[in-house]
Amino acid sequence: MVTVALSGATSGFGLTVLRTFAANPGPHTLVLLSRTPQPEWTAKGVDVRPVDYTSRTSLVQALQGVHTVLSMIGASPEAMRDSQLALVAAAKEAGVRRFAPSEYAGAGGGYRDIDLYAGKGEVWEAVKASGMQYTRFACGIFMSIFATGTPKPVTEVGRAEGAESGEEEALAGLRPWSFMFNMLRGTADLPGDGSAKFAVTDTRDVARFVIAALDLDVWPAELGMRGSLLSFDEAVAIVGRVQGRKFLVRENSVAELEAGCEVPEKRFYNQVRLALVNEWGVVGDDLNRAFPDIRPVTVEDFVEKWWSGVEVGEPSWGKDQSFM
Ligand SMILES: NC(=O)c1ccc[n+]([C@@H]2O[C@H](COP(=O)([O-])OP(=O)(O)OC[C@H]3O[C@@H](n4cnc5c(N)ncnc54)[C@H](OP(=O)(O)O)[C@@H]3O)[C@@H](O)[C@H]2O)c1
């Protein structure tokens, strides 16, 4: 039984971890670090500790008695670098034993290949040098890439979380996004020829695996988990079968992806796809094997749940298929 502090957990992916953890804390004590008061969580009995990431004193004080820090800080590359570097330094000073930085993507971090993740690389080096135990939770791409636009109604799961629509439930705290796959338009803008494999994991399952990993005595440097591991071609076949239409597919050669990296607003999108061609998305299944009772949602399950029976029109490319 340990005291676990979540940082960056009031929106996006972190909010799913907070909700999952608060619903079932097991033997652990939950602390929420946030830059603002969180009366809703205080009212639910969570020990909310407001923090100022620019103040070492504030952070060290908030981390008193904490054994493990799970950081889910997002928002911007600067926040992910500066606030996390401050958090690592303060955690070390406060005697924290374990630290998992805000990773939650591909194998090995991708710090050199993806500019926006360079700051994550600096944090990774700081964590490694800190003397705390650490791990990189790697889950591939979030399953919610297949969520945006679903018109299906909210289910009990979402209602319990306060979601007002099926889409909100399927997105699980994330903003609407279409990444490579556009489920409304019926398009797939693939890395390479579509044969590379990638892991896809629902954020609720990521949360379950991460919470389960608190029970491991020793954390290796990377802990992988997967809902599905499949090729892009296989994913295209699944979404096409469930939606009952043939997706428009664009293959993108390495040369095309490299050219796309030169366009500033498309740099991240193309750098990620280049990394995916090189199997950055193939993460391990360490947590699946360690916790076989956790049965993660597969791409097939997820797409069936949110798209089967939905009426969709003729597929068509949008003006800009890269990001929404
Ligand atoms: N694998 C994938 O497909 C995928 C997709 C999306 C994201 N991710 C990863 O998931 C992680 C979380 O991303 P997200 O998009 O969910 O994050 P997000 O919603 O943008 O932000 C999460 C939290 O960061 C905290 N925050 C914001 N600005 C901050 C600052 N300046 N200093 C400190 N904390 C700050 C906020 O917490 P408070 O306000 O409570 O302090 C906020 O709730 C990132 O590592 C991201 O790369 C992975």
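## Basis of the model

This is a predicted model, in which local features need pLDDT of at least 70, side-chain atom pairs count only at pLDDT 80 or more, and totals for chains, interfaces and linings use all residues. Residues are numbered from 1 along each chain as its sequence is written.

Helices (H or I, at least four residues) and strands (E, at least two) are DSSP runs, numbered from the N terminus.

## Helix H13

Helix H13 spans residues 299–307, and its buried residues are Val 299, Phe 302, Val 303, Trp 306 and Trp 307. They line one face of the helix, because seen down the axis of H13 they fall within an arc of 95°, taken from the directions from the helix axis to the C-beta atoms. A residue is buried if 20 or more other C-beta atoms, placed from the backbone, lie within 10 Å of its own.

The cover over these buried residues includes helix H7 (166–171), strand S11 (197–201), strand S13 (228–231) and helix H9 (232–243); contact requires C-beta atoms, placed from the backbone, within 7 Å.

## Ligand shell

The ligand is surrounded by 22 residues, of which Gly 8, Gly 12, Ser 34, Gly 74 and Ser 83 are the closest; a residue is near if its C-beta atom, placed from the backbone, lies within 6 Å. Helix H1 (12–23), helix H4 (77–94) and strand S8 (141–142) each supply at least two shell residues. H1 gives the largest share, 3 residues.

## Packing of H4 and H5

H4 packs against helix H5 (residues 118–129) at an angle of about 10°, with the axes 8 Å apart. H4 is therefore roughly parallel to H5, a term for angles under 35 degrees.

Conventions: Buried ≥ 20, exposed ≤ 12 C-beta atoms within 10 Å, placed from the backbone. Contact = placed C-beta atoms within 7 Å. Axes fitted to C-alpha atoms, helices over the stretch in contact; angles between N-to-C directions. Parallel < 35°, antiparallel > 145°, perpendicular 65-115°, else oblique.
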